[in-house]
Amino acid sequence: MPRALITGITGQDGLYLSELLLSKGYEVFGLIRGQNNPKLELVRTTVPDVKLLTGDLTDLSSLLRALEVAKPDEVYNLGAISFVAYSWENASLTTDVTGKGVLNMLEAVRLYSHDDPTKVRFYQASSSEMFGKVQEVPQRESTLLWPRSPYGVAKVFGHYMTINYRESYGMHASSGILFNHESPRRGPEFVTRKVTQAVARIKLGLQDSIVMGNLDAKRDWGFAGDYVEAMWLMLQQDEADDYVVATGETHSIRELLDVAFSHVGIDDWEGYVTQDARFMRPAEVELLIGDPTKAREKLGWAPKVDFPELVRMMVANDLEEQRAQAGR
Ligand code: NDP
Ligand code: GDR
C-alpha cells in the first residue's frame, strides 16, 4: 500500500487529493496545525480514513516527526497562507509559511531520507500568481515570473527551492504551476465562492447586494477535483519536472457574475453589485491564461469540468447550503 503525507489537509485541495489517494488504495496522512483547528471536524467527517499528525510548516522538527511516523512514499506540500489579498497585510508571515515553509519541508524530506533521492517523491503547490505582471500569453512553464504580491513572491521562492533540491540532491521534486481552481469547497474569501454564495443568498432573499473589487481582472478557472489528478500524475512520472495546469480559457469577474446570476434567473445583475476600494489590490494580476500543453502531452491530463459547469455546480451547492442554514 503506497503511503502519502499531505500538508494543507484542511484546505480545498487537501480534501480532494485525500479522496483521490484513498480511492487509489493509499494510506494517507495529513498534517494539521494548531491546538484546536476549527476545520478538524470537517476533515474527520469528509475523509475519516486520513490519519492526522500535528505539525506546522514553520516548525522543521514537527515536519521531521510527521515524516518519521507517516513514512511516506509521496509528500504533497499544499500547506500555505493562500489568500493573495491577505498577503499584503501579513507579508512577513506569508513569506515564512508560503515561502520558507517549502524549504523546511524539502529539508525535512532530505534529512528524513538520509540523502537517498529515491525514497520520497515531493510535490510543490506552485501557482499562476507567480506570473503576475503579464509577460506572455498564454503563460507556460518557460514564461518569465514577475510576481505582484507578497504571496506571489513567496511562491516563486518555493518554486525555485523545489527546482534547486531536484538539481542539487537529485530529489524527485516536482512543481505544479496550477492556475485558479475552485469548487463548492472553496474558501468564501475567494472571488468565485464569494459570488456564488452571495448569488444564492440574493436569490433566497437573505441578502440585497454584493460588494466587489476589480471586475476587469481575468482568470483561468478550473475545477479542483480535476487539478488534484494532475498533482498525482506528476509524482507517477519517472522524472520529476514542472508543469502548468490550466484550462487554456480565461474569463473576467464580470463574466463570472453573468454566469452565476443567470443560474438563478437574474440576467441584469448590475443593480445588485457595487464596488469598493477595500477589495482592490495594491498591485493586480490583470490576466491569467495558461497553456497546459505539456501536462496534456506528458501526463495525459486534461480538465473535465468547464467554466459554466463549475459555476453551476458552485451556485447549486450554495443554494442548498444557504437554504439549509436559513431553515427553508
Ligand atoms: P486553502 O487556503 O484552502 O488551504 C491552505 C492550507 O494550508 C490549509 O489546510 C491550512 O491549514 C494550511 N496551512 C496554513 N498555514 C499553515 C502552516 N503554517 N503550516 C501548515 N499548514 C498550513 O488552499 P487550497 O487548497 O486552495 O490550495 C492548496 C495549495 O495550492 C496552497 O499552497 C495554494 O497556495 C496553492 N494554490 C492554490 C490554487 C487555487 O486556485 N486553489 C492555485 C495555485 C496554487 P489551516 O486549516 O491550519 O489554516
Ligand atoms: P487569486 O484569487 O488572487 O487569483 O488567488 P481570488 O479569487 O482571491 O481573486 C481573483 C480575482 O478576483 C478579483 N476580485 C476579487 N477577489 C476577491 N477575493 N474578492 C473580491 O471581492 C474581488 N473582486 C474582484 C481579484 O482582484 C483577483 O483579480 C487564487 C488563490 O487560490 C491563490 O492561492 C492561488 O495561487 C491563485 O488563485 C492561482
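**Sheet, shell and domains**

Mentor: Strands β4 and β5 run parallel and are joined by 4 bridges. The model is predicted: local features need pLDDT of at least 70, side-chain atom pairs count only at pLDDT 80 or more, and totals for chains, interfaces and linings use all residues. Residues are numbered from 1 along each chain as its sequence is written, while chains are lettered from A and ligands numbered from 1 in the order in which they are written.

Trainee: What makes β4 and β5 a pair?
Mentor: Two strands pair if DSSP finds at least two bridges between them. β4 and β5 have 4 bridges. In this pairing, Val-75 stands opposite Phe-122 of β5. Strands themselves are DSSP runs of E, at least two residues long, and helices are runs of H or I, at least four; both are numbered from the N terminus.

Trainee: How do you know that β5 pairs with β6?
Mentor: DSSP finds 7 bridges between β5 and β6, in the parallel sense. Gln-124 stands opposite Ser-175 in β6. Strand β6 (residues 172-178) also pairs with β11, parallel, over 4 bridges. There, Gly-176 has Tyr-243 of β11 as its bridge partner.

Trainee: What is the strand order of the open sheet?
Mentor: The sheet has 7 strands, in the order β3-β2-β1-β4-β5-β6-β11, with parallel pairing.

Trainee: Why are β3 and β11 said to stand at the edges?
Mentor: β3 (51-54) and β11 (242-245) each have a single partner strand, so one side of each lacks a neighbour in the sheet. Neighbouring strands are turned by 20° against each other on average, direction ignored. Axes here are lines fitted to C-alpha atoms, for helices over the stretch in contact; angles run from 0 to 180 degrees between N-to-C directions.

Trainee: What does helix α5 touch in the sheet?
Mentor: Helix α5 (residues 91-112) packs on the sheet and touches β1 (3-7), β4 (74-77), β5 (121-127) and β6. Its direction makes about 170° with that of β4. Contact requires C-beta atoms, placed from the backbone, within 7 Å.

Trainee: Why is Asp-96 called partly exposed?
Mentor: Buried takes 20 or more other C-beta atoms within 10 Å of a residue's own, exposed takes 12 or fewer, and partly exposed lies in between; C-beta atoms are placed from the backbone. Asp-96 has 16 such neighbours, so Asp-96 counts as partly exposed. Asp-96 is found in helix α5. Leaving out residues up to four places away in sequence, Asp-96 touches Thr-58 and Gly-101.

Trainee: What makes β5 mostly covered?
Mentor: 7 of its 7 residues are buried. Arg-121, Tyr-123, Ala-125 and Ser-127 lie on one side, Phe-122, Gln-124 and Ser-126 on the other. In a regular strand, side chains alternate between the two faces of the sheet.

Trainee: Which residues are closest to ligand 1?
Mentor: Gly-8, Gly-11, Gly-79, Ala-80 and Ala-125 are the closest of the 28 residues that surround ligand 1. Near means a C-beta atom, placed from the backbone, within 6 Å. Helix α1 (12-23) and β5 each give two or more residues to this shell. α1 gives the most, with 3 residues.

Trainee: How is the chain divided into domains?
Mentor: Domain 1 covers 3-181 + 222-245, and domain 2 covers 187-219 + 250-288 + 305-326. Such bounds come from an automatic or database domain assignment. The domain centres, taken over C-alpha atoms, are 28 Å apart. Domain 1 brings 17 residues to the contact and domain 2 brings 13 residues.

Notes
Two residues are in contact if their C-beta atoms, placed from the backbone, lie within 7 Å.
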